[in-house]
Amino acid sequence: MALLTACSGTTGGHPTPVASSSSLPGNEVPPYGGAPKVENPLPDSVLSGSACDALSPQQIREDIGEGVTGKPEDGPLGPKCTWSDQQGGSMLTIFYTTKQREGLSIIYKQVKPQMKRFEVVPPIQGFPAVAYDPKPGPRTDGCHVAVGLSDTLEFEVGLDLGLSNSGKADACRLAVEVTDHAVTTLKKKAGR
């Protein structure tokens, strides 16, 4: 797929998760807000360390391209890693949501009402997932996919295709593919 090396163009948008306006709201215990229960959760330890480790070196070559290095950062919701095409403006970011213990519930309750595109996607290797974007679908240039690894744990993949691929591919479909690869890596980390 080689997202970044195949994508070029410039864009002012950078994929960032939508932060909630509060920590745990009221007495609600995840799952709430319409979020599904995670039947076979992974331990919290899978989101320890760098978000750059969510993809193996082989997955990075296949999904992002040869010679593209991730930039780790500590984001407002937890560790994140960004791979970007310096020339074209396309970008892939993986976010570990470790500072907010609400799993997909916060996505359903606070993010969903703000989005013009919000789709429940088929479970990714058994884990519930949603794709969302502030622009309406069915073919958007940017997209986030959030996956519930437990009722209180989730991670997200954000993808911005850049202007040269505008209208040529659906960022949500591609982000689901990358998310599937990240779930494979996180399951291996958990010994599954």
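A salt bridge is a side-chain nitrogen of Lys or Arg within 4 Å of a carboxyl oxygen of Asp or Glu. The exercises below apply this and related terms to a predicted model, in which local features need pLDDT of at least 70, side-chain atom pairs count only at pLDDT 80 or more, and totals for chains, interfaces and linings use all residues. Residues are numbered from 1 along each chain as its sequence is written, and side-chain values use heavy atoms, with hydrogens and water left out.

**Exercise 1. Describe the salt bridge of Asp 74 and the places that it links.**

Step 1. The partner of Asp 74 is Lys 99, and their closest N and O atoms are 3.3 Å apart.

Step 2. Locate both residues, given that helices (H or I, at least four residues) and strands (E, at least two) are DSSP runs numbered from the N terminus.

Step 3. Assign the accessibility class: buried means under 20% relative accessible area, exposed over 50%, and partly exposed in between (1.4 Å probe, protein chains only). Both Asp 74 and Lys 99 are exposed.

**Exercise 2. Describe the salt bridge between Glu 28 and Lys 109.**

Step 1. The closest N and O atoms of this pair are 2.7 Å apart. A search of the whole structure finds eight salt bridges.

Step 2. Glu 28 is in the loop between helix H1 (3-6) and helix H2 (57-63), and Lys 109 is in helix H3 (residues 105-111), 81 residues apart.

Step 3. Glu 28 counts as partly exposed because its relative accessibility is 27%. Lys 109, at 36%, is partly exposed too.

**Exercise 3. Determine the surroundings of Asp 151.**

Step 1. Asp 151 lies in the loop between E6 and E7. With a relative accessible area of 15%, Asp 151 is therefore buried.

Step 2. Contact means heavy atoms within 4.5 Å. Not counting residues up to four places away in sequence, Asp 151 touches several residues, including Pro 30, Pro 31, Pro 36, Glu 102 and Gly 103.

Step 3. A polar contact is a pair of N or O atoms within 3.5 Å; within protein, one must be able to donate a hydrogen and the other to accept it, and residues adjacent in sequence count only if both atoms are side-chain atoms. Such a contact, of 2.7 Å, joins the side chains of Asp 151 and Lys 37. A polar atom of the Asp 151 side chain also lies 2.8 Å from the backbone nitrogen of Val 38.
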